[in-house]
Amino acid sequence: MKLGMVGLGKMGANMAQRLLAGGHQVVAYDPQPAAVEALAAAGAEPASSLAELGERLQPPRSVWLMVPSGDPTEETMTALADLLEPGDTVIDGGNSNYHDSQRRAGLLAKRGIGFIDVGTSGGVWGLAEGYSLMIGGEAEVVARHRPLFETLAPAADRGWGRVGGPGAGHFVKMVHNGIEYGLMQAYAEGFEIMKAKSEFSLDLKQVADIWGSGSVVRSWLLELIGEALAGDQELAEIEGWVADTGEGRWTVQEAIDLDVPAPVITLSLLRRFRSRQADAYADRLLAALRNRFGGHEVHRVEEE
């Protein structure tokens, strides 16, 4: 199958390489010419613009987007809508908000253009291990692209599936990432407790390795913890600043809208916000209050 690929960041380029290795043809475009050249060296057909990409594909054409969510995806989708024709398909493999995906599917449908939203998990390991693909879209449109999903997934019969209509793929991926927040936070807190127990001088990598086999808490995340602790268990070169890319926020908002209690995911998201505060005002105010009502000690900032 011949596919247009737009967006050749790390994941997009890796996905394109996996498709090429699986025997598919890929026409590649990215605003960064160097990214296009690198993938062309791996066997892709280079395109210098979206228009050229469209010209190099045979109808019915399929274009896979791996573009940052928000305005970049919106702008690319709008441009493609003017270039594509009825019967063509746009596949969004990025982390778009599912509400946007539902809206875009409706707009493209009015032009006779199919839309598939693919929640994609696998990160930098997907090239070698395969990607977990949560797919939303009309059944017939998804079925036509089955060879792509079978190639990108860990195996043809596992790791991927159509979970519902347009928007369902990105919705499931949103919840997936919210769960990921909670798992990561639980691991982080547990390992911090063990590190604080200096009496035992625990080798935390050893603990991660032990838990990795047979334990009910074993997971790929735990394997990654072991790898992270293999060198410096103090993690001295890493700042404790944790980003979020939006999916956790969307999951919490969805839980609120649905009246579903999700305290673990919510607190995990808030803990990420707290990690970015070097000297939180709220903590200073708490210290001042304890001093005022109970005469408790306050640690003063030393003057330079």
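**Entry 1: α9 against α12**

I began with the contact of α9 and α12 (heavy atoms within 4.5 Å). From α9, I listed Phe-171, Met-174, Val-175, Asn-177, Gly-178 and Tyr-181, which meet Glu-247, Gly-248, Trp-250, Thr-251 and Glu-254 of α12. I sorted these residues into five nonpolar, four polar and two charged. Ala, Val, Leu, Ile, Met, Phe, Trp, Tyr, Cys and Pro count as nonpolar, Asp, Glu, Lys and Arg as charged, and the others, Gly among them, as polar.

I note that the model is predicted: local features need pLDDT of at least 70, side-chain atom pairs count only at pLDDT 80 or more, and totals for chains, interfaces and linings use all residues. Residues are numbered from 1 along each chain as its sequence is written, and side-chain values use heavy atoms, with hydrogens and water left out.

Helices (H or I, at least four residues) and strands (E, at least two) are DSSP runs, numbered from the N terminus.

I then looked up the geometry. The axes of α9 and α12 are 8 Å apart, and the packing angle is about 100 degrees. That makes α9 roughly perpendicular to α12. Axes are lines fitted to C-alpha atoms, for helices over the stretch in contact, and angles run from 0 to 180 degrees between N-to-C directions. Under 35 degrees counts as roughly parallel, over 145 as roughly antiparallel, 65 to 115 as roughly perpendicular, and the rest as oblique.

**Entry 2: α12 against α13**

I moved on to α12 (residues 247–257) and α13 (residues 263–275), which pack at about 140 degrees with axes 9 Å apart. That makes α12 oblique to α13. I recorded their crossing as left-handed: the near helix is turned anticlockwise from the far one by less than a right angle, and clockwise would be right-handed. Gly-248, Arg-249, Thr-251 and Val-252 of α12 make the contact with Ile-265, Thr-266, Leu-269 and Phe-273 of α13. I count four nonpolar, three polar and one charged residue there.

**Entry 3: α10 against α11**

I found the axes of α10 (residues 204–211) and α11 (residues 220–229) within 9 Å, crossing at roughly 155 degrees. That makes α10 roughly antiparallel to α11. The crossing is left-handed. Leu-204, Lys-205, Ala-208 and Trp-211 of α10 meet Leu-222, Ile-225, Gly-226 and Leu-229 of α11. I sorted this contact into six nonpolar, one polar and one charged.

**Entry 4: backbone**

Most residues other than glycine have a negative phi, and most peptide bonds are trans. I looked for exceptions. The bond from Pro-59 to Pro-60 is cis, with omega near -10 degrees. Pro-60 sits in the loop between α3 (50–56) and β4 (62–65). Ser-201 has a positive phi, near 45 degrees. I placed Ser-201 in the loop between α9 (168–196) and α10.
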